[in-house]
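Here is a short report on a protein–DNA assembly. It takes the sheets, the chain interface, the DNA contacts and the backbone in turn.

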2 protein chains.
Amino acid sequence: MKSKITLKELAKLLNVSISTVSKALHDSSEISPKTAKRVKELASLHNYRPNPVAVNLKKSRTGTIGVVIPNISNSFFARVLSGMEAEAQKHDQQIITYISNESFEREKQICDMLTSGMVDGVLIAVSEETQKKQQYDHLFALLDYDIPVVIYDRINLGLPADKIGVDDEKSFFDATKFFRAKGLEKIGLASAIHHVGIGQLRIKGYKKALKDEGAAMMATSTKPDDLKKKIRDLITEKKIEALLCTDFESAIMATRIAYEEKINIPEDLKLIGYISREIAEFLTPSLSYIEQHPQELGSNAIEILNNRLDGKYESGKFEEKIIATTLIHLESTKF
Amino acid sequence: MKSKITLKELAKLLNVSISTVSKALHDSSEISPKTAKRVKELASLHNYRPNPVAVNLKKSRTGTIGVVIPNISNSFFARVLSGMEAEAQKHDQQIITYISNESFEREKQICDMLTSGMVDGVLIAVSEETQKKQQYDHLFALLDYDIPVVIYDRINLGLPADKIGVDDEKSFFDATKFFRAKGLEKIGLASAIHHVGIGQLRIKGYKKALKDEGAAMMATSTKPDDLKKKIRDLITEKKIEALLCTDFESAIMATRIAYEEKINIPEDLKLIGYISREIAEFLTPSLSYIEQHPQELGSNAIEILNNRLDGKYESGKFEEKIIATTLIHLESTKF
DNA sequence: CTGAAAGCGCTTACAG
DNA sequence: CTGAAAGCGCTTACAG
């Protein structure tokens, strides 16, 4: 049970001053090679590690990044976090995780706490509830305290901060075009997130790619039963040939309804969903999906934050980076 | 852009000493109500928040807990993390997330870094690779530095630390008994994790519940192709009536193979898997599964760590808590 | 009731 | 080349 050794203790053992020890360990040119060697040997013998809290206090930074995640059970966010962690590790930064559970109150609490300077910067995907309320004061508070914020994934909220997201609009534009190029005409869309930013962008892309907006056939609702009814209508009554789903919930519902109604996928109905690979690949039949490259998004978020912290961006001007999605064809879009 | 105000600055503005300000803000009885009031008013006007780094340095603790996660894409761990975060929040503690990606090297790196005292304690699910190597020196290093460790989920490794896990053995014992009670005789098991602790426990429970060990019909392999072949054999040649899967991979494979071989679930084959609710519910047909209550596991892990930190446990003796799993019946076990 | 001082563990400009 | 001193922002025993 070796308790941690400090600079002071090392200094005493070596009969030199604390300053000397500190400098020696930092390879300062001020220190004679001989002393440097003695110091380093003893330090490694005792397995000396500088107390990170003290170092941070001295440097007035924390080496720590706060990440606010709306919903960690969504494997998209889990993978974003993984990308962030990997990138942070390269810079010896720590990630402190906060989960808002899509709640405005919790998100506000988190941001309030973060204004105390616990972290050098914050990465956040704004919760659904906050988007609905359109109350962003807690985010402005962070900026007021000079804590840089990078908004990730859910970016089209008009907030003055650096942003990293995905080409939501283009992804569905392309997917819709893909179906049209294959000669399909009755292309539907299902969404449980039509009320939030990313949902709206996806819908926008879909509509733009149609012959005209009148051709849109959409099932949208935040209420599961309602959504289910609308999707069923699209599939059985409107007899759509292809369906784009903006989110996990609607994609799974559609698969399920097709199964119940004995509509074969992909023979009778093509399906594309905004769901993560883990699930897409393992559904039966497997579901073609939009790959959002979450890990890349995560590592980019960290990079942008670090650039901001390092003063590489002009203050008052904000970065906005968009990652290209990829449409992955699995069984549900076989022609 | 208010930059953070400090005790010193408040003191100057109020024409009192730093000590007085500090005491006033801590409701010390030493301070006159009048001064206390003045101080508090100015503090809240300036939105004073104590610098957490300085407070921690003073208190020689960090208010921070390190969590090592083997694989965050596994939604079980994502939900465990969510439970930890919620519990930590109640105690004003921060969670620093580290992802080992089931890699021994990475896990060792993480533990080495944590010995520097970045965190008050560590929660870890030991990586698969580490379990294979059975090298736990990096964990002992943490204990050497007096950093308490709680092992979660993957607990039967014989390590001297507090533990919180799930009744892996009993869960499969019960599940097997359930099938036998229904009169089934050919009960198989599939596993891609037969080589790690939790896999072994599940297999043990299964075997114990059989009439005799000779009745065991198992498909185990870490190689996907090999495992697939063995499961197919169990299903088509051995004509098992029920299959227990110890993990996500084997469960999904089994579903898929049944689909390809036109074996109907649950009519021709009952299936139970160790997979998470998110996926189980949405498969077609939905898959009966063992609910492990990951959030509860997470919050308990934090509680145990905090009890340890608070000296509520005898040192040298270790807690071991087991959470009861629940068998959730969905479509795949309909009789 | 208030304040000066020491100290948490470190870094670094400055003096010698 | 080495060390004393100041300081990061806070807390708290002690003196007055």
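## Sheet in chain B

Two strands pair if DSSP finds at least two bridges between them. This is a predicted model. In chain B, six strands form an open sheet with mixed pairing, in the order 7-6-8-9-10-12. Strand 7 (217–220) and strand 12 (326–328) of chain B are the edge strands, and each pairs on one side only. Neighbouring strands are turned against each other by 20° on average, direction ignored.

Strand 9 (residues 270–273) and strand 10 (residues 288–291) of chain B pair in the parallel sense, over two bridges. G273(B) has Y289(B), in strand 10 of chain B, as its bridge partner. Helix 11 (residues 224–237) of chain B packs on the sheet. This helix touches strand 6 (187–191), strand 7 and strand 8 (242–245) of chain B. The direction of helix 11 makes about 160° with that of strand 7 of chain B.

## Sheet in chain A

Chain A has an open sheet of six strands, ordered 7-6-8-9-10-12, and its pairing is mixed. Strand 7 (217–220) and strand 12 (326–328) of chain A each have a single partner strand, so one side of each is left without a neighbour in the sheet. From one strand to the next, the twist averages 20°.

Strand 9 (residues 270–273) and strand 10 (residues 288–291) of chain A run parallel and are joined by two bridges. Opposite G273(A) stands Y289(A), in strand 10 of chain A.

## Interface between the chains

How many residues of chain B are in contact with chain A? The count is 53, and they meet 53 residues of chain A. The size of an interface is often given as the accessible area lost when the parts come together. Chain B and chain A bury about 5,000 Å² between them. Carbon and sulfur atoms carry 58% of that area. In chain B, the residues that lose the most area to chain A are Q94(B), Y145(B) and T284(B). Together they make up 13% of what that side buries.

## Around DNA strand D

DNA strand D is surrounded by 27 residues. The closest are K23(A), T35(A) and K58(A) from one chain, with L7(B) and Y48(B) from the other. Of the atoms of DNA strand D that come within 4 Å of the protein, sugar and phosphate account for 56%. By class, the surrounding surface divides into ten nonpolar, ten polar and seven charged residues.

Several contacts reach phosphate oxygens. A polar side-chain atom of T20(A) lies 2.8 Å from one on DNA strand D. A polar backbone atom of S32(A) is 3.3 Å from a phosphate oxygen of DNA strand D. For N51(B), a backbone N or O atom lies 3.0 Å from a phosphate oxygen of DNA strand D.

Both chains supply helices here. Helix 2 of chain B gives the most, with four residues.

## Around DNA strand C

DNA strand C also has 27 residues around it. L7(A), Y48(A), K23(B), T35(B) and K58(B) come nearest. Sugar or phosphate holds 58% of the atoms of DNA strand C within 4 Å of the protein, and bases hold the rest. The surface near DNA strand C has ten nonpolar, ten polar and seven charged residues. Its largest share, four residues, comes from helix 2 of chain A.

A side-chain N or O atom of K23(A) is 3.1 Å from a base nitrogen. For S19(B), a side-chain N or O atom is 2.8 Å from a base nitrogen.

## Backbone exceptions

Most residues other than glycine have a negative phi, and most peptide bonds are trans. A cis peptide bond joins I265(A) and P266(A), with omega about 5°. P266(A) lies in the loop between helix 12 (248–260) and strand 9 of chain A. In chain B, a cis peptide bond joins I265(B) and P266(B), again with omega about 5°. P266(B) sits in the loop between helix 12 (248–260) and strand 9 of chain B.

N15(B) is a residue other than glycine with a positive phi, near 60°. N15(B) is found in the loop between helix 1 and helix 2 of chain B.

Technical notes:
Residues are numbered from 1 along each chain as its sequence is written. Chains are lettered from A and ligands numbered from 1 in the order in which they are written. This is a predicted model: local features need pLDDT of at least 70, side-chain atom pairs count only at pLDDT 80 or more; totals for chains, interfaces and linings use all residues. Side-chain values use heavy atoms; hydrogens and water are left out. A residue is near a molecule or strand if one of its heavy atoms lies within 4 Å of it. A polar contact is a pair of N or O atoms within 3.5 Å; within protein, one must be able to donate a hydrogen and the other to accept it, and residues adjacent in sequence count only if both atoms are side-chain atoms. Ala, Val, Leu, Ile, Met, Phe, Trp, Tyr, Cys and Pro count as nonpolar, Asp, Glu, Lys and Arg as charged, and the others, Gly among them, as polar. Axes are lines fitted to C-alpha atoms, for helices over the stretch in contact, and angles run from 0 to 180 degrees between N-to-C directions. Contact means heavy atoms within 4.5 Å. Buried area is the accessible area (1.4 Å probe) that two parts lose on being put together, summed over both.
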